[in-house]
Amino acid sequence: MLTNRSLRQRHLVAWLTKHIVWLLIFNGIIAALYAYDLLAISIPWLPVSVIGTAVAFFVGFKNNQAYDRLWEARKIWSGIKNNSRTWGMMVMGFVCPFDSESHKHISEVRKQLIYRHIAWIYAHRKQLLEPMAWERASSKSYEGRRAKKFDRKFGLGTVKDVSIDDLTQFISAEELQQMKGYKNMTTQLINEQSLELTKLKDQGYFDDFRHMELVKLLQLFYTLQGQNERIKKFPLPRGYSYMSNLIVVLFTFLIPFSLIPELMKLGHWALWLSIPISTLVGLVFIIMEDLGDYNESPFMGTPNSTPMLSLCRTIENDLREMLGEKDLPPSINDVGGVLM
């Protein structure tokens with residue numbers, strides 16, 4: 001997530017340089033062909049402007065849908081954060097000792113339930129970071145390599161990440177190995193929580209009513225997990241995504257063939273003005289297209305994505321403080337105006 005009011009210069013350079021260069025080269029070549037009478041195509045400005053209006057509507061629709069996906073992802077993670085705090089509160093308040101023997105183990109019981117939940121949020125995050133075929137970071141093209149480089153320089157590459165093997169600080173190595181054997185580790189972690197709650201109820205740590213309330217919360221975590229998986233595994237319809245990219249490129253190629261003849265009415269010298277003007281117009285549409293492409297994948301791990309690592313660390317520290325722990329890991333802060 002970008003945190004600064006304005007983009008940093010190095011972000012803009014890394015993002016826009018390639019587009020500016022190829023637009024200047026293309027528009028410069030077309031202008032030179034007109035200047036030396038090697039090209040005389042003249043497309044009326046009116047149809048090109050109508051096409052530009054249609055392209056703007058099409059790309060605008062895509063960007064609206066992409067932002068909806070990004071905003072929904074952020075709302076779901078807010079739900080995970082808020083309900084995780086509720087989980088910690090309920091575990092601390094509902095799981096109570098019932099005799100002198102259980103009093104000795106109550107801290108360990110609470111810690112196990114809370115730590116397994118922390119393992120779940122980190123595992124869920126890693127699951128969402130797995131690249132999908134339609135995401136830019138998965139592409140083998142120049143755009144894919146550029147997205148990976150952008151990620152390394154300004155995204156996840158700037159922070160110390162948490163791996164699946166690091167979860168041994170929250171669950172035992174044996175349990176982690178067992179969970180890694182499942183196709184969906186996060187689903188089984190919540191199921192393990194449910195089995196543990198049933199066992200604790202049978203041992204007398206809480207009554208049926210409190211057991212039901214805790215299980216309802218686990219059901220809610222399943223719902224939130226499923227909502228994130230829906231966004232991750234169901235892309236923006238590829239027709240909209242691909243065609244918007246195609247028509248932006250086609251419109252960008254049409255601009256100089258219409259703009260240059262119009263400018264030449266001011267004088268032969270004016271055709272050179274088409275180079276910066278065509279570049280600027282094309283750049284605006286390309287920026288709109290790029291923003292939509294990145295925003296439609298809110299779990300891709302780029303600077304535009306949902307700051308899941310920061311949210312996970314916030315949840316972890318909140319829950320561990322409920323256990324009375326003081327030696328907590330540092331919060332995830334933004335690096336270079338990017339919060340991951």
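The model is predicted, so local features need pLDDT of at least 70 and side-chain atom pairs count only at pLDDT 80 or more, while totals for chains, interfaces and linings use all residues. Residues are numbered from 1 along each chain as its sequence is written, and side-chain values use heavy atoms, with hydrogens and water left out.

D37 lies in the loop between α1 (9–35) and α2 (45–94), where helices are DSSP runs of H or I with at least four residues, numbered from the N terminus. The phi of D37 is near 55 degrees, a positive value in a residue other than glycine. D37 is exposed, with a relative accessible area of 66%; exposed means over 50% relative accessible area and buried under 20%, with a 1.4 Å probe and protein chains only.

In helix α5 (residues 173–180), the buried residues are E175, L176 and M179. These residues cover an arc of only 100 degrees around the axis, which puts them on the same side of α5, the arc being that of the directions from the helix axis to the C-beta atoms. On the other side of α5, E174 and Q177 are exposed.

The axes of helix α8 (residues 238–264) and helix α9 (residues 274–295) come within 9 Å and cross at roughly 170 degrees, with axes being lines fitted to C-alpha atoms over the stretch in contact and angles running from 0 to 180 degrees between N-to-C directions. That crossing makes α8 roughly antiparallel to α9, a term for angles over 145 degrees.

Conventions
Helices (H or I, at least four residues) and strands (E, at least two) are DSSP runs, numbered from the N terminus. Angles under 35 degrees count as roughly parallel, over 145 as roughly antiparallel, 65 to 115 as roughly perpendicular and the rest as oblique.
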